[in-house]
Amino acid sequence: MKGAEVSHSYGSAPSGIMQAPEVILAEAKLFSKRALRLRELVEQVPALDEFLAFMARLAQAQHQVLNEREPAWRPAPDAFDAALLHGMPPLGHRALRRDIDWQADLLAILDALDLHVGERQRPLLKALRELPDEQSAALAEDVLEVRPGSEATRGLMPLVAAALQVAWLRLALSLPRPPDRPDEQARALCPCCGSLPVASVIHSEKQRSGVRYLHCSLCATEWHLERVKCSECDSAKLLYFSLDDDKGKPFLPVQAEACRECHSYLKVAQRELHGRADPVADDLASLALDLLLAEQGEYERSGYNPLLIVGG
């Protein structure tokens, strides 16, 4: 792991004149693209191959459910017009969590996984099928409120989170337009659903090449945040840490952006290094970076990946 000042590519602002979109809603193929990236990472990170392979199957199941299951409730076409007009998150998870039939999405995900998981994961699927509705709802509350849950049920929470992601992404796809970029006070909260980012991503395609976006942990909306700026406290006193190979080059297209003011860090997925880098998938594959920073004891993670719940 290396630490460096902000004078390298991860801290450089894009050159040229552009008008990149401020907020970008996720696309319907997001989960299938994530599954593809996770399958690539299985080969690249053999120490985590079984875990990443399961996450690839889970992402593929999310894609299948998103595209094949018709939910019992869909909002009216104009349901979110007032929120969009007044700059409020149209899909606020606190307001909508009891309206969305995410539990049906969960059962559909479990069905999609049934023939594609090993013996180690089967008890998790069985436990979720047998869980009373009120207990699964409590797990969803823990996921949405960024709580670690109990040790007994923590292993079930990523599957619940996967269903919640499907439900909220489906709603995001129905919005008539993206919401406005959040103001400075709420810069680290998704303008679409109010959730925390899992990481940020620097894009490489035309119109937003070199532009950084925070990536929502729930609905996958992305919103612009200037580079060389801490998402927590707005400071520019940043260090960057990476996992490098024997030749001193990045092992994965991801770094941890650490703030010397508030002592938080958020990972950055760099698509200029790998065009399919995914903020969720590459975050899971770079767990070693989190462990190294935890051992150092100076920086606390600000991003939230609900597919990996750890104890409080």
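Modeller: Let's start with strand β8 (residues 264–270): seven of its seven residues are buried, so the rest of the structure largely encloses it. Bear in mind that this is a predicted model, where local features need pLDDT of at least 70 and side-chain atom pairs count only at pLDDT 80 or more, while totals for chains, interfaces and linings use all residues. Residues are numbered from 1 along each chain as its sequence is written, and side-chain values use heavy atoms, with hydrogens and water left out.

Colleague: What makes a residue "buried", and what makes a run a "strand"?

Modeller: Buried is under 20% relative accessible area, exposed is over 50%, and partly exposed is in between (1.4 Å probe, protein chains only). Strands (E, at least two residues) and helices (H or I, at least four) are DSSP runs, numbered from the N terminus.

Colleague: Which residues of β8 are buried on one side and which on the other?

Modeller: S264, L266, V268 and Q270 are on one side, with Y265, K267 and A269 on the other, and all are buried. In a regular strand, side chains alternate between the two faces of the sheet.

Colleague: How do you know that β7 and β8 are paired?

Modeller: Two strands pair if DSSP finds at least two bridges between them. Strand β7 (residues 250–259) has five bridges to β8, and they run antiparallel. Q255 stands opposite V268 there. Their hairpin has four residues between the strands, and H263 takes a positive phi near 60°.

Colleague: Which way does β3 run beside β8, parallel or antiparallel?

Modeller: Parallel: three bridges join β3 (residues 197–202) to β8, and S200 stands opposite V268. Strand β9 (residues 300–301) is parallel to β8 too, and its two bridges meet the cut-off of at least two. Y265 stands opposite R301 in β9.

Colleague: What makes β6 "mostly covered"?

Modeller: Six of the seven residues of β6 (residues 238–244) are buried. Six bridges join β6 to β7, running antiparallel.

Colleague: Why is D290 called buried?

Modeller: Its relative accessibility is 14%, so D290 counts as buried. D290 lies in helix α10 (residues 287–296).

Colleague: What makes its link with Y265 a polar contact?

Modeller: The two side chains make that contact at 2.5 Å. The rule is a pair of N or O atoms within 3.5 Å; within protein, one must be able to donate a hydrogen and the other to accept it, and residues adjacent in sequence count only if both atoms are side-chain atoms. So 2.5 Å falls within the 3.5 Å limit.
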